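The sequence and structure come next.

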Amino acid sequence: MKILKGYTKNLYHPEAFIVKRYIAEEAIEFCSEYIEKAKPVGLPESQHDDIVGGKGSRGLHVITPSLEDLLQAHLYILNKSNEVLPYILKHEALVKQNNPKMSKNWVLKKYNKTFYDWFKDTIFAYENASETLRKLANGPKINVITWQGYDIKKYSFYTKAQDDKSTMQNSGVTQRAKSQHFASMHDANPCVPSIPYLGSLMKFGSLTM
């Protein structure tokens with residue numbers, strides 16, 4: 001009764017003030033218990049936060065690229081692998097040693113043509129080679145699974161064809177790379193390197209982004 005009498009602020013309508021203050025107190029207690037279990041209001045969470053290992057999101061297709069595209073893509077992967085790097089340096093040194101009078105351009109072309117077969121023979125002859133190296137030596141599968149959209153490490157990637165369908169776009173993926181390029185005196189665009197396998201590789205990459 002003492003608590004209820006404390007709710008009375010107007011002696012002309014004591015019952016109405018008691019009911020009004022009691023309802024307000026119950027509402028405050030309910031809200032405080034509800035908010036305690038709720039998430040705080042702030043920036044919206046990304047829908048891709050839980051996707052770290054990689055997952056295709058749309059546009060699943062299975063394609064069979066040409067043998068040339070497969071070999072070029074495989075050579076690109078081998079050249080980007082840290083575990084394969086010692087074999088790359090060793091093979092390049094062997095090509096230079098066996099052809100000491102040839103130019104760097106010739107050595108690079110010879111390396112590109114012969115590295116995969118040499119790497120495969122070397123790995124399968126080495127009993128302690130890791131599982132990763134053995135899989136890389138086996139080469140890519142003939143049938144390739146491609147996606148128009150792919151989520152990985154809290155980011156979403158789309159092919160250009162899929163991105164053109166969106167009303168909002170966020171393009172501009174870049175990669176820093178270093179490679180050897182050679183141009184002759186007859187090249188009309190010496191600043192634009194010409195690599196025999198680069199065009200096909202970019203085409204293959206656009207299909208599998």
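Lysine 96 is partly exposed, because its relative accessibility is 45%, which falls between the limits of 20% for buried and 50% for exposed. The model is a predicted one. The partner of lysine 96 in a salt bridge is glutamate 92, with 3.7 Å between the closest N and O atoms. Glutamate 92 is also partly exposed, with a relative accessible area of 21%. Both residues belong to helix H4 (residues 85-98), and since they are four residues apart there, about one helical turn separates them.

How many salt bridges does a search of the whole structure find? The search finds two. The other pair is lysine 160 with aspartate 164, whose closest N and O atoms are 3.3 Å apart. Lysine 160 is exposed, its relative accessible area being 62%, whereas aspartate 164 is partly exposed at 45% relative accessibility.

| Salt bridge | Closest N and O atoms |
|---|---|
| Glutamate 92 with lysine 96 | 3.7 Å |
| Lysine 160 with aspartate 164 | 3.3 Å |

Ring pairs link Tyr87, Tyr111, Phe115, Trp118 and Phe119 into a cluster.

Helix H5 (residues 104-125) also meets helix H3 (residues 67-79). Two packed helices are described by the angle between their axes and the distance between the axes. Here the axes come within 11 Å and cross at roughly 75°. H3 and H5 are therefore roughly perpendicular to each other, as the range for that class runs from 65 to 115 degrees. On the H3 side the contact involves His74, Leu75, Leu78 and Asn79, and on the H5 side Tyr111, Asn112, Phe115, Tyr116 and Phe119. By class, the residues of this contact comprise six nonpolar, three polar and no charged. Tyr111, Phe115 and Phe119 are among the H5 residues that meet H3, and they are also members of the ring cluster.

Terms used. Residues are numbered from 1 along each chain as its sequence is written. This is a predicted model: local features need pLDDT of at least 70, side-chain atom pairs count only at pLDDT 80 or more; totals for chains, interfaces and linings use all residues. Side-chain values use heavy atoms; hydrogens and water are left out. Axes are lines fitted to C-alpha atoms, for helices over the stretch in contact, and angles run from 0 to 180 degrees between N-to-C directions. Helices (H or I, at least four residues) and strands (E, at least two) are DSSP runs, numbered from the N terminus. Angles under 35 degrees count as roughly parallel, over 145 as roughly antiparallel, 65 to 115 as roughly perpendicular and the rest as oblique. Contact means heavy atoms within 4.5 Å. Ala, Val, Leu, Ile, Met, Phe, Trp, Tyr, Cys and Pro count as nonpolar, Asp, Glu, Lys and Arg as charged, and the others, Gly among them, as polar. A salt bridge is a side-chain nitrogen of Lys or Arg within 4 Å of a carboxyl oxygen of Asp or Glu. Buried means under 20% relative accessible area, exposed over 50%, partly exposed in between (1.4 Å probe, protein chains only). Rings of Phe, Tyr and Trp (its six-membered ring) pair if their centres lie within 6.5 Å; planes under 30 degrees apart count as stacked, over 60 as edge-to-face and the rest as tilted.
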